[in-house]
Amino acid sequence: MKNPQFVACVFMIITLVVVLGHGYFVDHLEVDSSWGLAHATFYGDMSGNETMMGACGYGNLFKQGYGLETTALSTALFNNGSTCGACFQIVCVNSRQWCKKNAGSIRVTATNFCPPNYTKTVDVWCNPPQKHFDLSMPMFLKIAEYKAGIVPVAYRRVLCFKTGGMRFELKGNPYWLLVLVYNVGGVGQVVDVKIKGGNGDQWFQMTRNWGQNWQTSERLQGQTLSFRVTDSDGKVVQSDNVAPENWELNKVYEGKNFRL
């Protein structure tokens with residue numbers, strides 16, 4: 001008797017070859033050329049209202065440029081928020097009944113967390129060690145039928161194509177500065193942020209508060225603000241004097257972005 005996992009793997013490879021043959025992956029520059037297996041569901045409705053905000057710290061995803069091309073990640077993929085901002089290419093596989101024919105692939109940005117539910121013993125898709133994507137409804141319906149509810153998928157990391165510069169949204173209070181970093185191009189995944197005031201040459205290390213919110217207790221009022229951002233590939237982008245001396249909380253300032 002054939003091994004079910006072997007059969008599924010062979011079918012996935014055939015599916016990917018067919019999709020590749022149709023040219024659907026031409027515009028997806030990969031971060032990781034290897035494909036992984038996971039499952040996908042959806043949450044919310046076609047409006048995407050329930051996908052706003054979320055565990056990555058983003059707010060209105062339409063205003064911030066992410067739109068509905070987003071996904072929540074299971075614990076195994078979320079990595080305590082460090083994967084926020086990363087982009088994934090996803091294709092429905094191994095389900096002739098529920099995968100839409102010739103649907104190709106979708107590209108989504110990680111903007112939320114799909115929390116585990118340890119009170120359940122079935123349908124525990126977001127529990128460790130499951131790799132799972134909880135997509136916005138519009139993105140799920142691009143690759144699968146609504147009645148499916150859940151489908152097997154293949155996925156890989158791809159580069160993020162963003163318009164304009166990296167954005168820095170300042171929040172907090174006079175004694176504590178919280179900076180949301182978003183609209184990040186390249187690999188999209190920020191792993192380190194440093195900040196510098198215009199009155200000196202010292203770069204101060206910021207720490208991750210949650211998602212892509214980074215914090216510092218340095219008193220930098222009345223100074224221009226510069227940021228040095230490192231992505232998961234080790235690339236660094238430095239944006240000098242992004243915010244003016246009279247910068248304000250709850251305002252967004254634009255810096256440079258990673259080149260593809």
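The report below covers confidence, then disulfides, then a sheet.

This is a predicted model, in which local features need pLDDT of at least 70, side-chain atom pairs count only at pLDDT 80 or more, and totals for chains, interfaces and linings use all residues. Residues are numbered from 1 along each chain as its sequence is written, and side-chain values use heavy atoms, leaving out hydrogens and water.

The mean pLDDT (the predictor's confidence in each residue, from 0 to 100) is 89, and 88% of the residues reach 70 or more. Over residues 4–27, however, the pLDDT is below 50.

The whole structure holds four disulfides, each a pair of cysteine sulfur atoms within 2.5 Å. Here are three of them:

| Pair | S to S distance | Torsion about the S-S bond |
|---|---|---|
| Cys87 and Cys160 | 2.1 Å | 125 degrees |
| Cys92 and Cys99 | 2.0 Å | about -75 degrees |
| Cys114 and Cys126 | 1.9 Å | about 85 degrees |

Cys92 and Cys99 are both buried, meaning under 20% relative accessible area (1.4 Å probe, protein chains only). Cys87 is buried too, at 1%, and Cys160 is buried at 1%.

Two strands pair if DSSP finds at least two bridges between them. Strand 9 (residues 190–197) and strand 13 (residues 225–231) pair over seven bridges, and Lys196 has Ser226 in strand 13 as its bridge partner.

Technical notes. Helices (H or I, at least four residues) and strands (E, at least two) are DSSP runs, numbered from the N terminus. Contact means heavy atoms within 4.5 Å. Buried means under 20% relative accessible area, exposed over 50%, partly exposed in between (1.4 Å probe, protein chains only).
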